[in-house]
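Dear colleague,

Please find below the structure that I am handing over to you. My findings follow directly after it.

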Amino acid sequence: MEKEKEIIAVREREHSVMIQVDEGGGDGKDSAKKVETAVHVEGEKRQVELMILVDDAGGAYERIDHSPWNGCTLADFVMPFFLFIVGVAIALALKVPCLVLNQFQLPNPFSVLQRIPKVSEAIKKVVIRTLKLLFWGLLLQGGYSHAPDDLSYGVDMKHIRWCGILQRIALVYFIVAMIEILTTKLRPTIIGSGHFAIFSAYHWQWIGGLIAFVLYMVMTFALYVPDWSFVFHSTGDVNDGKRYTVQCGVRGDLGPACNAVGYVDRQVWGINHLYSQPVWTRSKACTDSSPNMGPLRKDAPNWCLAPFEPEGLLSSISAILSGVIGVHYGHVLIHFKGHSERLKQWLLMGVGLLICGIILHFTTAIPINKQLYSFSYVCFTAGAAGIVFSAFYILIDLWSLRIPFLFLEWIGMNSMLVFVMAAQGIFPAFVNGWYYETPNNSLVHWIHKHVFVNVWHSERLGTLLYVIFAEIVFWAVVAGILHRLGIYWKL
């Protein structure tokens, strides 16, 4: 109890956020390095490499690309897995001292305490990192960069895209991190026994998630969506410059044309600032080639040509839930010392969320939909993320299989570099800038054609193997070399 009082006194005197790292033997033996490794492997690496795979190989294998509307494919797991691990990382970075009381162990003092900046300093760092994410998001996905095949740069500000992957991550990171920081002094110092004790201790995080959920659901099902129109822009297309009207006049519609998610983005950002190539163009209503790309049907509705923002404002509010669930997994990692207790908490929630998402989808109450970031999609993908996180934890922390996953750890430590250079095509664009006679005759195109496509006599298989070896494996090796040299790109 003297140690406990000392810790509380330090907390009250310094007004600091503190961090606990479990050590020791028995069922709960792990170290700070193993915890950090598990987070890097399960989180950032998996998302970055999944993004490379689905973005660059999705054109050859559309079934791994984003679902045209309802449903969930491999690509649809990338964003929620990103947000999930962002939440886990926030919890680990902003830990506070807390004692665990349960039937398996008695209260014991902390093994390691490491101070991080005061609340004001923590807020400052969160704001700066959020602004950095917004900057890189606008630069890479706002339309300024046309990498990797188009060697030109620049964007017409009348058509700049305000939303994107990094912008959504920035919003979720900012909201979840601010709740975590500002509620530090409102939490109990001791967590009691019981499965729901940790939920009670961090109830402000769940209240924040509930507010996001209610706001999203109310606006999605209660907001009136009127008729709307747009001008189609596509240089060289016979329909370029033509205005189309989409008839709606409904509430609570979850289809592509008249949903509240798209309506909010059209009102807030303006229709010219939305993503101009939505995945719904591969839907059955738009093309007979669905789920593959193909020519529009003659009777295709007007909205097939319209823009739609998959990382829009209202859907990003729903995405906050993915971050909140990730924070909970991080809290469990902090406050439960035993492997079995951690896994019980994680797997019960993961399986429960997965089942909830499946039930909502197949009863057609709320279909799984990445474009709308529906509640069933939140449940399904967060449950999957929790289960995969648990699997990596078992492999690395329980079975000590770290060496096979070292290359995953390396990419996790330089995930921003790999995201920018590989997933956003900046490095291939640089190489493509050195071509012979025509831009299509560069080293990148030569390797893709002669080393992979021609050898395997298949455009689809060759493209897939190119992505795996010339992009994913290549950047794993680069990240490993940079790790060896102690070079990291962090925001």
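Is T364 buried or exposed? With a relative accessible area of 62%, T364 is exposed, because the term applies to residues over 50%. Please bear in mind throughout that this is a predicted model. T364 sits in the loop between α10 (339-362) and α11 (375-398). Its backbone also deserves a remark: phi of T364 is near 60°, a positive value in a residue other than glycine.

Backbone features

A positive phi is also found at S400, a residue other than glycine, where the angle is near 55°. S400 is placed in the loop between α11 and α12 (406-413).

Two cis peptide bonds should be noted as well. One runs from A147 to P148, with omega near 5°, and P148 belongs to the loop between α4 (119-141) and α5 (165-182). Another joins S290 to P291, with omega near 10°; P291 is found in the loop between α8 (260-268) and α9 (313-335).

Salt bridges

The structure contains eight salt bridges. Among them is the contact between the side chains of D65 and R282, at 3.9 Å from N to O. This pair connects distant parts of the chain, 217 residues apart: D65 is in the loop between α2 (32-57) and α3 (78-93), whereas R282 is in the loop between α8 and α9. D65 is buried, with a relative accessible area of 18%, and R282 is buried at 3%.

The side chains of E309 and R161 form another salt bridge, at 2.7 Å from N to O. E309 lies in the loop between α8 and α9 and R161 in the loop between α4 and α5, so this pair ties together parts that are 148 residues apart in sequence. E309 counts as buried, at 1% relative accessibility, and R161 is likewise buried, with a relative accessible area of 11%.

A further salt bridge joins the side chains of E341 and K344, at 3.3 Å from N to O. These residues are three apart in helix α10, which means that about one helical turn separates E341 from K344. E341 is buried, with a relative accessible area of 9%, while K344 counts as partly exposed at 36% relative accessibility. Elsewhere, salt bridges that share partners join R161, E309, E311 and K370 into one network.

Strands β6 and β7

In a regular strand the side chains alternate between the two faces of the sheet. β6 pairs with strand β7 (residues 243-246) in the antiparallel sense, over four bridges. Within this pairing, S229 stands opposite T245 of β7.

Surface charge

Which residues gather in a patch of positive charge on the surface? They are K125, R129, K132 and K490. Of these, K490 lies in the segment after α16 (459-485). K490 is exposed, with a relative accessible area of 59%.

Yours sincerely

Technical notes: Residues numbered from 1 in each chain as written. Predicted model: local features only at pLDDT ≥ 70, side-chain atom pairs only at ≥ 80, totals over all residues. Heavy atoms only, no water. Patch = residues over 30% accessible without salt bridge, like charges linked within 9 Å, V, L, I, M, F, W, Y side chains within 5 Å. Areas by Shrake-Rupley, 256 points an atom, 1.4 Å probe, with all protein chains shown as cover. Salt bridge = Lys/Arg side-chain N within 4 Å of Asp/Glu carboxyl O. Lys, Arg positive; Asp, Glu negative; His and termini not counted. Charge placed at Lys NZ, Arg CZ, Asp CG, Glu CD. Helix = DSSP H or I, 4+ residues; strand = E, 2+ residues; numbered from the N terminus. Buried < 20%, exposed > 50% of the residue type's maximum accessible area, 1.4 Å probe, protein only. Pairing = 2+ DSSP bridges.
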